[in-house]
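Q: I would like to learn how to read a model of this kind, feature by feature. Where do we start?

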Amino acid sequence: MSGEKTDFNSSGAFLIDMTKCTGCRGCQVACKQWNQLKAENTKFFNGEGYQNPPAMSEHTFTRIKFRDYQKNGQNEFAFYKEMCMHCNDPACASVCPVGAFNKTKEGPVVYDTKRCIGCRFCMVACPFGVPKYEWSKAFPLVKKCTGCYSRIRAGHKPACATACPSAITYGPRADMLKEAERRIAARPERYLNKIYGKEEAGGTSVIYLTALPFDELGFKQVTKRPLPSYTWQALRLVPGVFLTVGGSLSLLSWFTHRKDRLKKEEEQRQACKHQTKEDHHDCC
Ligand code: SF4
Ligand code: SF4
Ligand code: SF4
């Protein structure tokens with residue numbers, strides 16, 4: 001589906017209201033359970049602070065980032081639920097040479113492990129740092145949040161949205177945007193007057209409301225233009241990737257031509273067999 005101009009207003013989207021998040025991390029646990037992801041060795045009070053584990057990985061598709069700050073002399077916490085943004089025009093899909101990523105009409109950007117050749121272009125292209133590599137495996141592929149596509153196809157909400165007691169609402173993107181605008185208008189003192197994901201990266205299926213400025217919570221600053229228009233330009237500016245891109249594309253081209261060559265040979269063989277039967281002589 002990527003590349004087509006599709007209206008994603010009726011596709012499923014997450015409205016994540018960080019002002020209503022309690023930091024319970026039920027979403028993290030539900031994601032692990034549903035996707036059967038293994039636990040990670042983590043340490044409290046390590047690196048950035050209270051979040052656990054310290055970063056998303058092949059075993060952690062979503063995590064709650066903690067930010068402590070002072071308000072009226074009181075210690076307060078603010079949270080940020082990191083996950084794949086399920087971009088309307090995903091950079092990961094645009095750069096994948098074998099079409100392993102696909103933006104579905106239902107909203108999630110899905111990933112086909114059978115197609116992946118492990119080139120890691122998607123990891124470089126994604127402006128949100130979402131796809132992770134299976135470094136622990138002998139033949140690593142890429143892993144990321146699936147948007148719980150199988151649940152959505154079965155008429156359920158994503159596991160994290162189902163588990164969340166307060167902050168995540170899931171529904172058609174247009175309704176989620178309308179609801180976000182309604183909340184900002186009703187409680188302007190509570191919310192930053194901006195919806196993250198409405199326009200970022202050309203619009204995403206995950207949209208956020210916060211009280212604090214986005215950069216203070218760790219949200220990435222990204223362009224409003226859909227990112228595929230920048231992707232190859234950006235990749236060429238990264239020397240290591242330039243070589244990798246060249247090398248991998250050559251490899252891909254070799255595979256493609258090899259496949260075509262084998263197909264042609266097989267067709268010739270079949271034609272010969274047919275002719276041999278009729279002429280009673282060998283042609284190949
Ligand atoms: S956030 Fe990254 S991995 Fe997710 S759809 Fe967008 S470009 Fe792809
Ligand atoms: S949508 Fe599914 S895979 Fe993605 S973070 Fe939520 S539970 Fe995990
Ligand atoms: S389940 Fe909801 S309230 Fe709990 S940490 Fe996740 S987003 Fe926040």
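**Reading the model**

A: Start with one residue: Tyr80 is found in strand S3. The model is predicted, and the values below are computed from it.

Q: Is Tyr80 buried or exposed?
A: Burial is read from relative accessible area, with under 20% counting as buried. Tyr80 has 6% relative accessibility, so Tyr80 counts as buried.

Q: Which residues does Tyr80 touch, leaving out those up to four places away in sequence?
A: Tyr80 touches Met18, Arg63, Ile64, Lys65, Tyr208, Leu217, Gly218 and Phe219.

Q: What share of the contacts in the protein joins residues 24 or more positions apart?
A: Among contacts with a separation of 6 or more, the share is 57%. As for the rest of the overall picture, the protein has nine helices and nine strands, and buried residues make up 44% of its 284 residues.

Q: Which residues of H6 are buried?
A: First the general idea: an α-helix has 3.6 residues a turn, so residues three or four places apart point the same way. In H6, the buried residues are Arg173, Met176, Leu177, Ala180, Arg183 and Ile184. They cover an arc of only 125 degrees around the axis, so they lie on the same side of H6.

Q: What lies on either side of H6?
A: The buried residues of H6 pack against strand S1 (12–17), strand S8 (168–172) and strand S9 (206–209). On the face turned away from the buried side are the exposed residues Lys178 and Ala185.

Q: Which backbone angles deserve a look?
A: Check omega for cis peptide bonds, and phi for positive values in residues other than glycine. The peptide bond from Asn52 to Pro53 is cis, with omega near 0 degrees. Pro53 lies in the loop between helix H1 (26–35) and strand S2 (63–71). Arg25 has a positive phi, near 65 degrees, and is placed in the loop between S1 and H1. His86 also has a positive phi, near 50 degrees; its place is in the loop between strand S3 (74–82) and helix H2 (91–95). At 1% relative accessibility, His86 counts as buried.

Q: Which residues surround ligand 2?
A: Ligand 2 is surrounded by Phe14, Cys31, Asn35, Thr62, Lys81, Cys145, Thr146, Gly147, Cys148, Pro158, Ala159 and Cys160. Two or more residues of this shell come from each of H1 and helix H5 (159–163). By class, the shell around ligand 2 has seven nonpolar, four polar and one charged.

Q: Which residues does the UniProt annotation "binding site" cover?
A: The annotation, from an unreviewed entry, covers Cys31, Cys145, Cys148 and Cys160. They are spread over 130 residues of sequence but cluster in space, the largest C-alpha distance being 10.7 Å.

Q: Where are Cys145 and Cys148 placed?
A: Cys145 is in the loop between strand S7 (142–143) and helix H4 (149–153), and Cys148 lies in the loop between S7 and H4. Cys145 counts as buried at 10% relative accessibility, and Cys148 is buried with a relative accessible area of 8%. Not counting residues up to four places away in sequence, Cys145 touches Phe61, Met83, Cys84, His86 and Val109, while Cys148 touches Trp34, Pro158 and Ala159.

Q: What classes of residue make up the shell around ligand 3?
A: This shell has six nonpolar, four polar and one charged. Among the residues around ligand 3 are Cys21, Cys24, Arg25, Cys27 and Cys164.

Technical notes. Residues are numbered from 1 along each chain as its sequence is written. Chains are lettered from A and ligands numbered from 1 in the order in which they are written. This is a predicted model: local features need pLDDT of at least 70, side-chain atom pairs count only at pLDDT 80 or more; totals for chains, interfaces and linings use all residues. Side-chain values use heavy atoms; hydrogens and water are left out. Buried means under 20% relative accessible area, exposed over 50%, partly exposed in between (1.4 Å probe, protein chains only). Helices (H or I, at least four residues) and strands (E, at least two) are DSSP runs, numbered from the N terminus. The arc is that of the directions from the helix axis to the C-beta atoms. Contact means heavy atoms within 4.5 Å. A residue is near a molecule or strand if one of its heavy atoms lies within 4 Å of it. Ala, Val, Leu, Ile, Met, Phe, Trp, Tyr, Cys and Pro count as nonpolar, Asp, Glu, Lys and Arg as charged, and the others, Gly among them, as polar. UniProt positions are given in the numbering used here, feature names are shortened, and annotations may be inferred rather than shown by experiment.
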